[in-house]
Amino acid sequence: MDHGAPSTPAKHHVGVHSSDEGFLAVMVPFLREGIAAEDEPDPAAVTTSRKLDLLRDALGPDARHVDFLDSARWYRGTPANSMATALDYYVAHASPEGRLHLAGEPVWPGRSPRQISEWKRYEALATELFTGAPPDLMCLYDTRTAPPDVIDAARHTHPTELHRHGIRPSPLYTEPAVYATQDLGPLPAPPRDAVGVGLDGDLTAGHRFAADQAQARGMAPDAAARFGRAVSGATGYAASQGCDRACLKLWSTRERVICELRTPRGRITDPFLGFRPPGPGTRPEDGLWDTRQVCEFVDMRSGDEAKEGWTIRMETALVPAG
């Protein structure tokens, strides 16, 4: 995947449907196209077990050429976890030239409004990650289970829509960097009881502060250690940008633990910082990929000028010890 490619959006379709018949009308031709493609591995379908059975029946003998995957397992955890699952699958299964037909239906029931907002942004990210790459990706949206705002967002985050009559450009498509940063207001101020520590000279020391504080507030030791490493992804990035001073603040609720890193100077200009997986070469942002894998929410804010500094706020569940 060429992350520097500025141009052609990825083949990233949205397949909106409102019935089982509509589901099959978009999925069966998509999968058969993948089956028929020369020098391409078996296509993959990720959806509910009931819909997988519908596909098997509709495809008949062709079903043996499809990798059927349950969405309940694929879409576990955070959007960052699911993105890692998709990228791992792509690397393991795509042809040497990178070709693969992959269709997936995210799981929406049971997600909070904030979680859904994160998923919307990650859909924009998928277009960014695969721009310039050759796979055919389709995200399925069932109007019977996906909220109306999710359906609307899907038409903004996918360059094309696949329907029973073929593929057409999405008139609502918004460039990923624009979509990912719209409606991002200022973060609420930390509460008065937040515990703070100044990092002067050695920013990497912040991971121990975060781990100790999380464990003291009830997080299991192994989970607290992971959270500390997640915070070190942020402090390590700050150090790589030449920051020799920063402030960490940490607080918790009955269910959550939150840690915020703030620098006195510098700017974050990349809206997808930490969203891209580590590659063959080492990059300053690689630790932030791990931060996003551990933390349910990672919010970044930056001023318009370098003198204003920037903030990375990391939040995850507070797992009780034992």
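Helices H4 and H5 are roughly parallel to each other, a label for angles under 35 degrees, where over 145 is roughly antiparallel, 65 to 115 roughly perpendicular and the rest oblique. They pack at an angle of about 30°, with their axes 10 Å apart. The axes are lines fitted to C-alpha atoms over the stretch in contact, and angles run from 0 to 180 degrees between N-to-C directions. Helices here are DSSP runs (H or I, at least four residues), strands likewise (E, at least two), numbered from the N terminus.

This is a predicted model: local features need pLDDT of at least 70 and side-chain atom pairs pLDDT 80 or more, while totals for chains, interfaces and linings use all residues. Residues are numbered from 1 along each chain, and side-chain values use heavy atoms, without hydrogens and water.

Which residues of H4 touch H5? Pro79, Ala80, Ser82, Met83, Leu87 and Tyr90 do, contact being heavy atoms within 4.5 Å.

Next, the core. The largest nonpolar core has 37 residues, and Met83 and Leu125 are among those with the most contacts inside it. Such a core is a set of buried Ala, Val, Leu, Ile, Met, Phe, Trp, Tyr and Cys residues joined through side-chain atoms within 4.5 Å. H4 (79–93) and H5 (113–130) are among the elements that each supply at least two residues of this core. A second, separate core of 32 residues includes Phe227 and Trp310.

Last, arginine 217, in the loop between H8 (206–216) and H9 (221–240). Arginine 217 is partly exposed, with a relative accessible area of 25%; buried means under 20%, exposed over 50%, partly exposed in between, with a 1.4 Å probe and protein chains only.
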